[in-house]
Structure formats: structure tokens, C-alpha cells
Number of protein chains: 2
Amino acid sequence: MQERKRVCLRVAYDGTAYCGWQVQKNGRTIEGELNRALSELTGEEIQVIGASRTDAGVHGLCNVAVFDTRSRIPGEKFSYALNQRLPEDIRVRASKEVPEDFHPRHCRSRKTYEYHIYNAVFPDPLRRLYSCFTYVPLEEERMSRAAAYLVGEHDFASFCSAGSQAETTVRTIYSLDVARDGEEIVIRVTGNGFLYNMVRIIAGTLMEAGSGRMEPEEIPEILEARDRAAAGPTAPACGLVLKELEIEDEQ
Amino acid sequence: MQERKRVCLRVAYDGTAYCGWQVQKNGRTIEGELNRALSELTGEEIQVIGASRTDAGVHGLCNVAVFDTRSRIPGEKFSYALNQRLPEDIRVRASKEVPEDFHPRHCRSRKTYEYHIYNAVFPDPLRRLYSCFTYVPLEEERMSRAAAYLVGEHDFASFCSAGSQAETTVRTIYSLDVARDGEEIVIRVTGNGFLYNMVRIIAGTLMEAGSGRMEPEEIPEILEARDRAAAGPTAPACGLVLKELEIEDEQ
């Protein structure tokens, strides 16, 4: 019998057609598709452990999933074999063997999300699945000013939806940049972890600052309030993509 | 009774879910959706005339459609009213009244298409609907060299699929550029008109040149052959987008 090994996958997906990452009773999920494809491939009953449990409609370019197997397939060959069995909106970009005690959620990590906004008079049908449309003119300079207050270690309780199971609402944002390229605005945020809906609430709040409904200088008060009602709305899922995920102990 | 007027629409669409522009007995089309929405809106039986009858799966950012109506709705208001009645993958970006004899296919025009290629080890799920994926490394410098031979007035019979109803296969390409940005290659071509599948056959042929399966210097022979079999394959529809369409007599 083959020895047991732990394999780590790098997974990219278009979240449009899925009820999020995490397995649910009703509805297709990324994790569910990976479990099915892996179980078919190996003949074992496999359940992956994901690093980032993205929400329904959110996209990912580099999420991490690990699983244990006694399969003879070499770690680095899983990507090819899995892509044959996965739908086109999920691709395994790399696979490799990792130490048996490697757990993608019990490690220090650094995540980068991008939130895409299409700010024009009419929506662009080719961008509708991957950005949030608004015809309200947004001033990126105001958004950048608001963003600057969020960088650093803060209690982000105001930027966290109910239903979070986190022990603490303190997180560190390493960088938070707003850039416009024509009609597209990209919010790029890197941090050591994010609370439930945190990036989408940040995006919704920065959009309020950009449109003039709020002053950038109000952000410190919003943070201090430690109250979800103080921040802006949760921006739609389709604009969000998990862009980079570095895990410190990954070898 | 209101006087009859001719209205011109600028239409953007994601072609993924459609059997092309032109109305068909079976299957949804862009033209069919516009006819339905316009007929519902005006209470008249309206049939639009399109400028460019793009194929199944091809996208458009600025196609032109005209129609005649006795509706009281001002020409420039149609865009807003139609977007309420169209699916999200079709958007009318502008509308205006035009002279009654304006016909979008009986005018001199200048069209720009882009063909998008994603050239990487694994497909990117977020680009799969809007680009052609190939893992075969493409050298853009070889593609540019091949492209240069196609610029100008030529008989493009070798770059035309069977089924074309064109009177002549002579066309003029004003510019044909190949540019790489990371893993994405964009072929951008501007001309006074294109034969059936012409841009997709050009893209397929340039990809052969880029991969080394063909020499860029073979293009003149391919043109001279006036034989579809001499050129490369027809590249997939999803990579193609009608980017710009200028009509000379549009006022």
C-alpha cells in the first residue's frame, strides 16, 4: 500500500456560477467540485481543506487547498489530471507534495484582494461578471485619501458582517491602493487576514467617499465606532477577486 | 399620428450566450433580442438593420443597428428605455435620430476588431469567455512579421470561409498590430470591411507563425494561392471582439 502524503493545490476559479468555496448541502461550490474530481481520480473519499473560504460569486486566482491521499499519482501531476475532470470555470494551476502537518489556515499568510469597479455611463457587458458597475462618478483621489486611514493594525469590527466566527476583529492591512485606468477603478488590498465581508465593506465605503456621500476624513470615526452600521454598504461579490495568497510555512 | 423617423443604436454585447447577431429560426440572437425589446417598447413590429453581422460567440462593443419608428420617444432616449428590457449581456450605449436614408451597410465604414489570446501554462477561468487559450508558446515578434504582409489592399480569398456572399474578396487592411502584455497577446486589425471569418482566420494563421509551425515569410504565397486551405485554422469565436465601427455618413 502506498504511503499517505499531503498534496497542496493552487486553484483559480470564476465564482459566478458557484455558491462560494465551502461545501453546502444545496448548491454547487468550488470545494465540492474539487472533492468530487479528486475522489473520482483517486478512488478515495477526499475532502480538501481550503485556505480562503470565498463567498458566493467571489472569484479566486490562487486559492490554496490541501488533501491527503495514498494515490500513486506524483504530487505535481495532480493539476493535469484534475483539470480533465473539473469544469472550465475551475482550473488547478499547480500542485505539489507538502509536509503532512501543513494546514493552510493554521499558518501566517498574506492575502491580496482586488476589487474592480466599472465607472461609466452604461455598463460594459464584457465586464459585468468581473466588476461592480456604477454610473455615479467616483473621484479616485478621495477614495485614496479614505483608504490611507485603513492601512495598519486596527479593530475592523465596523468592517465585518454579522456571522463572523473570528476570535478577534483586529487585523493588519499592509497596503490599500486605489488606481483608475480609464473607466475602471481597482482597489488593491494586502493584509494578514480579512474578516467576513471585510474587503467588500471597505470597497463599499471607499465608493461612498469617492462619490461624495461621505468625507474621507470620517474613516477614523467609523473605525472607532466598532459598529457595522457606521461603515458603507457591502459592495457586490462579482467585483472581488482573491489575487494572491502567500503562506509562510508552505515549502 | 407621429412622423416616421430612423433611429440608430450603438450596441455592446457579450456573444457567449448567443447564436450570433443575425435572427435565426432556432436560437437566441442579438438582433432578435433588439427586435423583441423595441417591439415591446413601441407597440410596433420592429426589425433592426445591423452594420456587422457577427458570428455565434463573437463579442461586440459598438455594433450599429438602425430601425424606423413612429414612436414619440425621442431618439436619444431609446438607449435608457431599451436597457430596461434587454438582458444584462446586451447594452445599448447610445441612440440618436439619423437621416431616413441612412443604411449602416451601404456606407463606407472602418472597423476595428481585436483578437485576444491567453498564452500561459494553464487557462485563466476569468478570461475563458473572452480569449483563446493556448499553452503553445507564441513569439509575438514572428506574429508581427507575418502581420505586416497582410496590411494594404489584397485579395483575401485565402482568408475567407466558404459561405461568403461577398461580390469581391478584395479588402484593405489599414493596420494590423500584435502586442503582448504578460500572458495576453492582442491582435488589433482595422480595415474597410472583412470577409466571412476573415479576422479569425488571420488570428489562426498568425498563431501558426508565432508557434513556429509556419514561417512569417510564407504569407505572400498564402495570399497568392487564393485558397482557404492555404491559410491557418479559424481561431475560436470567443477571442474576437468588434471594438470600433466608424460609419462615414453617420451624422
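This is a predicted model: local features need pLDDT of at least 70, side-chain atom pairs count only at pLDDT 80 or more; totals for chains, interfaces and linings use all residues.

Colleague: What rotation superposes chain A on chain B?

Modeller: In general, two copies of a chain are related by a rotation about an axis and a shift along it. Here the shift along the axis is 0.0 Å, and the RMSD is 0.0 Å too. The two copies are thus related as by a two-fold rotation axis. The rotation asked for is 180°.

Colleague: How many residues does each chain put into the contact, and what percentage of the interface residues of chain A are also interface residues in chain B?

Modeller: Chain A brings 16 residues to the contact, and chain B also brings 16 residues. The copies meet through the same surface, because the share of chain A's interface residues that are also interface residues in chain B is 100%.

Colleague: Which element gives the largest share of the side of chain A that touches chain B?

Modeller: Start with the 16 residues that chain A puts into the contact. The elements giving two or more residues to that side are strand 1 (5-13) and strand 4 (90-98) of chain A. The largest share is three residues, and it comes from strand 4 of chain A.

Colleague: And by class, how many charged residues are on the side of chain A that touches chain B?

Modeller: On the side of chain A that touches chain B, eight residues are nonpolar and one is polar. The charged ones number seven.

Colleague: How many polar residues does domain 1 of chain A have on the side that touches domain 2 of chain A?

Modeller: The contact takes 14 residues from domain 1 of chain A and twelve residues from domain 2 of chain A. On the domain 1 side, six are nonpolar and one is charged. The polar residues there number seven.

Colleague: How are helix 3 and helix 4 of chain A oriented to each other?

Modeller: The axes of helix 3 (residues 140-148) and helix 4 (residues 198-211) of chain A come within 7 Å and cross at roughly 130°. The crossing of helix 3 of chain A with helix 4 of chain A is right-handed. Angles over 145 degrees would count as roughly antiparallel, and 65 to 115 as roughly perpendicular. Helix 3 and helix 4 of chain A are therefore oblique.

Colleague: Which residues of helix 4 of chain A make that contact with helix 3 of chain A?

Modeller: Helix 3 of chain A contributes A:Glu140, A:Arg142, A:Met143, A:Ala146 and A:Ala147. By class, the contact of helix 3 with helix 4 of chain A has five nonpolar, one polar and two charged residues. From helix 4 of chain A come A:Leu206, A:Ala209 and A:Gly210.

Methods
Residues are numbered from 1 along each chain as its sequence is written. Chains are lettered from A and ligands numbered from 1 in the order in which they are written. Two residues are in contact if their C-beta atoms, placed from the backbone, lie within 7 Å. Helices (H or I, at least four residues) and strands (E, at least two) are DSSP runs, numbered from the N terminus. Ala, Val, Leu, Ile, Met, Phe, Trp, Tyr, Cys and Pro count as nonpolar, Asp, Glu, Lys and Arg as charged, and the others, Gly among them, as polar. Axes are lines fitted to C-alpha atoms, for helices over the stretch in contact, and angles run from 0 to 180 degrees between N-to-C directions. Angles under 35 degrees count as roughly parallel, over 145 as roughly antiparallel, 65 to 115 as roughly perpendicular and the rest as oblique. A crossing is left-handed if the near helix is turned anticlockwise from the far one by less than a right angle, and right-handed if clockwise. Copies are superposed by least squares on the C-alpha atoms of residues with pLDDT of at least 70 in both.
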